[in-house]
Amino acid sequence: MADKSVLIIGAGIGGLSAGCYAQINGYRVRILEMNSVPGGVCTAWRRDGYTFDGCVHNLAGSCPKSVFHSMWRELGVVPAIEMHAFDELVRVERPDGAPLVVHCDLDRLAAHMKQLSPDDAAVIDELVIASRRFRDFEMMGLALAGPLGRLAILRVMPTLIKYSGVTMTRFAGRFTDPFLRRAFPTLLYDGPDVPVLLLLSFLGRMEIGDLGWPVGGSANFARAIAQRFAQLGGEITYGTQVASILTEGDRAVGVRLADGSAHHADIIVSNAYGPATIFEMLGGRYVSNAINAYYDSPEDRVEMGVHVSLGVARHLAPEPHAIVLPLNTPVIIAGEERDRFFVETFGFDESLAPPGKSVLKVVFATSCKYWERVHAAPERYAAEKAAIADAVISQLEHRFPGFRQEIEVVDVATPITTKRFTGNGHGFKVSGTRMMLAMLTGKKLSQTLAGLRNFYMVGQWAGLPGLPLVAAMGKDLACAMCRNDGKPFVTA
Ligand SMILES: Cc1cc2nc3c(=O)[nH]c(=O)nc-3n(C[C@H](O)[C@H](O)[C@H](O)COP(=O)(O)OP(=O)(O)OC[C@H]3O[C@@H](n4cnc5c(N)ncnc54)[C@H](O)[C@@H]3O)c2cc1C
């Protein structure tokens, strides 16, 4: 029998990974991508010599001790891309005293926190002991584990039970020191409602050098996987938007492009935005109660939805790479009062800026609807972006005196930008606790649709967001295709 053909809608990391593994296993794969570059939301853009990164902060699998490392090798990321390990997760500053520095070395972290608040020694010791449980247990790694591998959960079960349902804010309530109580909820990307288990897992894994940064950033990372796909004989057609998925007798048989042309294949995979795949490309013909429940009231909040990126003629390498910066006076950004900024500096990666210069970025959670309203009037949209940039620069001037004069490039991206380039709309309707549960149980939302044969979904809309998780889903999907076709699954 001739090799089966596969059409994948979207060259996000999920689509690229599925494409690579399918190609390795003898399928003939073509990816149709509406953008002009691979990567989807895992992207960056160049402006006058600066690279503004729109995605990666921490990559699971950057260290050889991670189960994801071999997957990144299979996908061409390792050894092509150098990995940078961080020595601190974040630094929370304050106007009137020493910052909280979240060192990756947990002994150093404990000593530092006890110096800030000796009275909280017991809670600090508990935090460090619990984090160390995750040094050798990679929670996200369960995405690659079979049923037996999942038994590794038993090793950390008491810790999982103890902290299940505990958010960063709730844990912070146990500190007596007012600064620690205030600072702690912001430690993981300034997400006070994030489960504290996620922080414990980050601290444990970062101590062994994981959750680092792929040098060159997100676009470089995506390009490496696209190159691997091409080397394997896969084909990507860019600038090609799929309008609908063609079906015959409840079997997916091809796609129709926005230009009206039809393309057929034995297997159709969508890596695109979930609601667009299910309700637009498939016209809502294959839905279930679970899918309706997930999509009926879209999540308006988009975490890290606004990116203010600045190209600065200043060497920022000595600065912390992530700072939670309290503001002297709150400012209104995208219609909401903000009393602190989450600031990222990229001086540690010299490839992102001309010599002696650096990139700095501030990100904000935002409302999707807010931006849809603003965007309805183009002049208002442009004015709003300019006002946000100005407010951000004014505040940064207090922390980095002389900064405004050194800024060479300003770029503001919003949820409208993300939609335009990747098709992704609203945020995820998954609570932190549900996300943890899905990670631990491996339960995905909708990799297949009931009643539709020869069709699969892959990526964050079929499971959970996260680069290793969507890539693992791609691997899993190719494995399922091999199983259905009665052939062994190989990875090289
Ligand atoms: C700001 C930000 C920071 C993040 N930080 C991290 C991090 O530090 N670590 C981490 O592990 N993860 C991080 N993530 C999450 C991670 O990047 C995503 O979960 C992951 O990249 C999603 O990949 P995907 O393949 O599922 O989908 P997408 O990236 O959405 O890719 C979908 C692709 O389909 C294409 N497409 C859509 N519709 C069509 C159509 N009709 N026709 C043709 N093509 C189409 C799109 O253009 C896109 O290329 C971050 C995400 C964001 C947004």
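This is a predicted model: local features need pLDDT of at least 70, side-chain atom pairs count only at pLDDT 80 or more; totals for chains, interfaces and linings use all residues.
Residues are numbered from 1 along each chain as its sequence is written, and side-chain values use heavy atoms, with hydrogens and water left out.

**Stop 1: the ligand**

The shell holds 35 residues. Gly 14, Glu 33, His 57, Asn 424 and Gln 460 are the closest. By type, the shell divides into 17 nonpolar, 17 polar and 1 charged. Here Ala, Val, Leu, Ile, Met, Phe, Trp, Tyr, Cys and Pro count as nonpolar, Asp, Glu, Lys and Arg as charged, and the others, Gly among them, as polar.

Now show the backbone atoms. A backbone N or O atom of Met 34 lies 3.2 Å from a ligand nitrogen. For Cys 55, a polar backbone atom is 3.4 Å from a nitrogen of the ligand. At Gly 466, a polar backbone atom sits 2.8 Å from a ligand oxygen. Taken alone, the ligand exposes 1000 Å², and the protein buries 91% of that (Shrake-Rupley areas, 1.4 Å probe).

Colour by element next. Helices (H or I, at least four residues) and strands (E, at least two) are DSSP runs, numbered from the N terminus. Two or more shell residues come from each of α1 (13-24), β14, α15 (415-422) and α17 (467-484). The largest share, 3 residues, belongs to α17.

**Stop 2: strand β17**

Select residues 358-367. How many residues of β17 are buried? The count is 10 of 10, so the strand is largely enclosed by the rest of the structure. Buried means under 20% relative accessible area (1.4 Å probe, protein chains only).

In a regular strand, side chains alternate between the two faces of the sheet. Both faces of β17 are covered. One side includes Leu 360 and Phe 364; the other includes Lys 361 and Ala 365.

Strands pair if DSSP finds at least two bridges between them. Strand β14 (residues 301-312) pairs antiparallel with β17 over 9 bridges. Arg 301 stands opposite Ser 367. Strand β16 (residues 336-345) also pairs antiparallel with β17, over 4 bridges. Glu 344 stands opposite Lys 361.

**Stop 3: Thr 277**

Finish in helix α10 (residues 274-281), which contains Thr 277. This residue counts as buried because its relative accessibility is 0%. Show its contacts (heavy atoms within 4.5 Å). Leaving out residues up to four places away in sequence, Thr 277 touches Ile 245, Ser 270, Ala 272, Leu 282, Phe 455 and Met 457.

Conventions:
Buried means under 20% relative accessible area, exposed over 50%, partly exposed in between (1.4 Å probe, protein chains only). A residue is near a molecule or strand if one of its heavy atoms lies within 4 Å of it. A polar contact is a pair of N or O atoms within 3.5 Å; within protein, one must be able to donate a hydrogen and the other to accept it, and residues adjacent in sequence count only if both atoms are side-chain atoms.
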